[in-house]
Amino acid sequence: MSPKNVQELDEVFMRQALTLARDAGRAGEVPVGAVLVVAGEVLGRGGNSPIGHNDPTAHAEILALREAARALANYRLPDATFYVTLEPCVMCAGALVNARVGRLVFGARDLRFGAVRSKFRLADSDLLNHRVEIVEGVLGAECGELMKAFFEARR
């Protein structure tokens with residue numbers, strides 16, 4: 001697949017994650033959305049919902065990982081590409097490493113809690129037994145604007 005086709009596919013799947021993020025925001029959750037793709041097929045989806053689920057681990061990433069692992073009947077997802085609108089936190093970055101996700105594509109950096117680039121480099125650390133390939137900034141302005149608008153509306 002040519003780099004242009006990869007970039008186009010990344011944008012297609014990030015738009016799906018953005019739809020999930022908007023849904024989460026309308027539900028009063030921090031607007032983060034995630035999709036997990038294997039061989040061009042979405043196997044896991046998640047929108048942030050710790051409030052709605054009364055579960056501090058119900059981040060978009062965790063929900064998408066759980067759904068995909070069930071679909072594949074495997075806790076390891078090495079052939080997966082994971083799309084998320086916001087840079088994952090420590091918990092989610094650790095889950096991506098534990099699941100052996102092959103590739104992470106995220107939209108906007110999370111300057112307060114980001115564990116992939118902003119605060120830590122957990123997902124591709126040489127200290128761990130698995131390194132996730134990282135692509136950042138796909139539809140980053142749109143992803144960042146969604147977060148900014150959400151928090152401005154709450155002030």
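Colleague: Is Ala 39 buried, partly exposed or exposed?
Modeller: This is a predicted model: local features need pLDDT of at least 70, side-chain atom pairs count only at pLDDT 80 or more, and totals for chains, interfaces and linings use all residues. Residues are numbered from 1 along each chain as its sequence is written, and side-chain values use heavy atoms, leaving out hydrogens and water. Buried means under 20% relative accessible area, exposed over 50%, and partly exposed in between (1.4 Å probe, protein chains only). Ala 39 has 81% relative accessibility, so Ala 39 counts as exposed.

Colleague: Where is Ala 39 placed?
Modeller: Helices (H or I, at least four residues) and strands (E, at least two) are DSSP runs, numbered from the N terminus. By that count, the place of Ala 39 is in the loop between β1 and β2 (41-47).

Colleague: What is the phi of Ala 39?
Modeller: Most residues other than glycine have a negative phi. Ala 39 is not a glycine, yet its phi is positive, at about 50 degrees.

Colleague: Which loop holds Asn 54, a residue other than glycine with a positive phi?
Modeller: Phi of Asn 54 is near 50 degrees. Asn 54 is exposed, with a relative accessible area of 71%. Its place is in the loop between α2 and α3 (60-72).

Colleague: How many disulfides does a search of the whole structure find?
Modeller: A disulfide is a pair of cysteine sulfur atoms within 2.5 Å. On that test, the number found in the whole structure is zero.

Colleague: Why is Cys 92 not bonded to Cys 89, the residue with the closest cysteine sulfur?
Modeller: Cys 89 is in no disulfide, and its nearest cysteine sulfur is that of Cys 92. Cys 89 is buried at 17% relative accessibility, and Cys 92 is buried at 0%. The sulfur of Cys 92 is too far from that of Cys 89 for a bond, because the gap is 3.7 Å.

Colleague: Is the pair of Phe 13 and Tyr 83 stacked, tilted or edge-to-face?
Modeller: Rings of Phe, Tyr and Trp (its six-membered ring) pair if their centres lie within 6.5 Å; planes under 30 degrees apart count as stacked, over 60 as edge-to-face and the rest as tilted. A search of the whole structure finds two aromatic pairs. For Phe 13 and Tyr 83, the centres are 5.4 Å apart and the planes are at 35 degrees, so the pair is tilted.

Colleague: How many residues apart are Phe 13 and Tyr 83?
Modeller: Phe 13 is in helix α1 (residues 3-26), and Tyr 83 is in strand β3 (residues 80-86). Both Phe 13 and Tyr 83 are buried. The pair links distant parts of the chain, with a separation of 70 residues.

Colleague: What angle lies between the planes of Phe 150 and Phe 151?
Modeller: Phe 150 is buried, with a relative accessible area of 11%, whereas Phe 151 is partly exposed at 33%. Their rings form an edge-to-face pair, 5.0 Å centre to centre, and the angle between the planes is 85 degrees.

Colleague: What is the relative accessibility of Ala 115?
Modeller: Ala 115 is found in the loop between β4 (103-108) and β5 (133-136). Contact means heavy atoms within 4.5 Å. Leaving out residues up to four places away in sequence, Ala 115 touches residues including Glu 87, Cys 89, Phe 120 and Leu 122. Ala 115 counts as buried, because its relative accessibility is 0%.

Colleague: What is the volume of the largest pocket?
Modeller: On a 1 Å grid over the protein atoms alone, a pocket is an open set of points where a 1.4 Å probe fits, with protein on both sides within 12 Å along at least five of seven lines; lining residues have an atom within 4 Å of a point. Grid points are joined across faces, edges and corners, and a volume is the space filled by probe spheres set on the points. For the largest pocket, the volume is about 530 Å³.

Colleague: Which element supplies the largest share of the lining of the largest pocket?
Modeller: The lining has 22 residues, and Val 30, Leu 86, Asp 110, Phe 113 and Met 147 lie nearest the centre. α2 (50-53) and α5 (140-154) each supply at least two residues. The largest share, four residues, comes from α5.

Colleague: How many charged residues are in the lining of the second largest pocket?
Modeller: About 170 Å³ of space lies in this pocket, and among the residues closest to its centre are Leu 9, Val 37 and Tyr 83. Ala, Val, Leu, Ile, Met, Phe, Trp, Tyr, Cys and Pro count as nonpolar, Asp, Glu, Lys and Arg as charged, and the others, Gly among them, as polar. By class, the lining has eight nonpolar and two polar residues, and the number of charged residues is three.
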